[in-house]
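Please open the structure in your viewer and keep the sequence beside it, so that each selection can be followed in turn.

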Amino acid sequence: STDLFGALPKIRLLSSDHPLDASVADHLDIQYLQFLIALAYVAHEGQQRVGGEPYFNHVLRVANAVSVRLPGNADATAAAFLHDTVEDKRATWEAIRARARPRTCELLDFVSRRDGEIYFDGFIKRIGQEADAIVIKHADIADNSDPRSLDHFDTRRREFSLRRYWRAENYLTERLYRHWSHARVEEMNMRTMPDKETGYYE
């Protein structure tokens, strides 16, 4: 809830235990990201994964992966830090929208599963509409499907999770290829437009 953020000013934005990759951080909007790192840290404080690991460790791994794959895209990295806050009911949309940029919120909406939403035909296909959201979900799936995470599940749940992740990852990979191919075609089309003054192509 919004009350979770009451302690926000008391948080040291980056601790030595949870550093953002410095080689990537230099290219990002550091002040904005540090604020949202603190926000995510407070939101997930006390939350644990199945094996007892602090939940924020998962959040940090996902955000770092996104920042490497989309360098300079502060909104995608910010949305990665927040990707489970709304879905896990750790924060309200009102609290997030009051603190995050519109583009960050747009991406966060894509990667937050809505109440009653079917996983593949609803949630995953909705993510497939947006390239940056696909990159965030790819990173999330990669971390969730890591053996260190799945080893804490019983055999039935582990196999179910792997099948679901495999299907989602394959679909999103295909969608991302289409997004990036389309963007490349658009870029090439712009480069081959005739010069307005001379009429010659580049």
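Predicted model: local features only at pLDDT ≥ 70, side-chain atom pairs only at ≥ 80, totals over all residues.

Residues are numbered from 1 along each chain as its sequence is written, and side-chain values use heavy atoms, with hydrogens and water left out.

**The whole chain**

Begin by selecting the protein chain and colouring it by secondary structure: there are 10 helices and zero strands, where helices (H or I, at least four residues) and strands (E, at least two) are DSSP runs numbered from the N terminus. Of the 202 residues in the chain, 45% are buried, and here buried means under 20% relative accessible area, exposed over 50%, and partly exposed in between (1.4 Å probe, protein chains only). Among contacts with a separation of 6 or more, 66% are between residues 24 or more positions apart, a contact being heavy atoms within 4.5 Å.

**The largest pocket**

Next select Arg-49, Tyr-55, Asn-144, Phe-153 and Tyr-165, which lie nearest the centre of the largest pocket among its 32 lining residues. The elements giving two or more residues to this lining are α3 (55-69), α7 (119-127), α8 (131-144), α9 (147-150) and α10 (155-191). A pocket, on a 1 Å grid over the protein atoms alone, is an open set of points where a 1.4 Å probe fits, with protein on both sides within 12 Å along at least five of seven lines, and lining residues have an atom within 4 Å of a point. The space in the pocket is about 710 Å³, a volume being the space filled by probe spheres set on the points, which are joined across faces, edges and corners.

**Salt bridges**

Now show the side chains of Arg-61 and Asp-143, which form a salt bridge with their closest N and O atoms 2.6 Å apart; the term covers a side-chain nitrogen of Lys or Arg within 4 Å of a carboxyl oxygen of Asp or Glu. Because Arg-61 lies in helix α3 and Asp-143 in helix α8, the pair ties together parts that are 82 residues apart in sequence. Arg-61 is partly exposed, at 33% relative accessible area, whereas Asp-143 is buried, at 10%.

Then move to Arg-103 and Asp-132, whose side chains meet in a salt bridge at 3.1 Å, N to O. Since Arg-103 lies in helix α6 (residues 102-111) and Asp-132 in helix α8, this pair ties together parts 29 residues apart in sequence. Arg-103 counts as partly exposed at 25% relative accessibility, and Asp-132 counts as buried at 15%.

Select Arg-126 and Glu-117 as well: they form a salt bridge with the closest N and O atoms 2.9 Å apart, and both residues are buried.

**Two loop residues**

In the loop between α7 and α8, select Glu-130, which counts as buried at 15% relative accessibility. Not counting residues up to four places away in sequence, Glu-130 touches Arg-103, Leu-107, Phe-110 and His-179.

Finish at Lys-89, in the loop between α4 (74-81) and α5 (93-97). Lys-89 is exposed, with a relative accessible area of 55%, and has a positive phi of about 60° although it is not a glycine.
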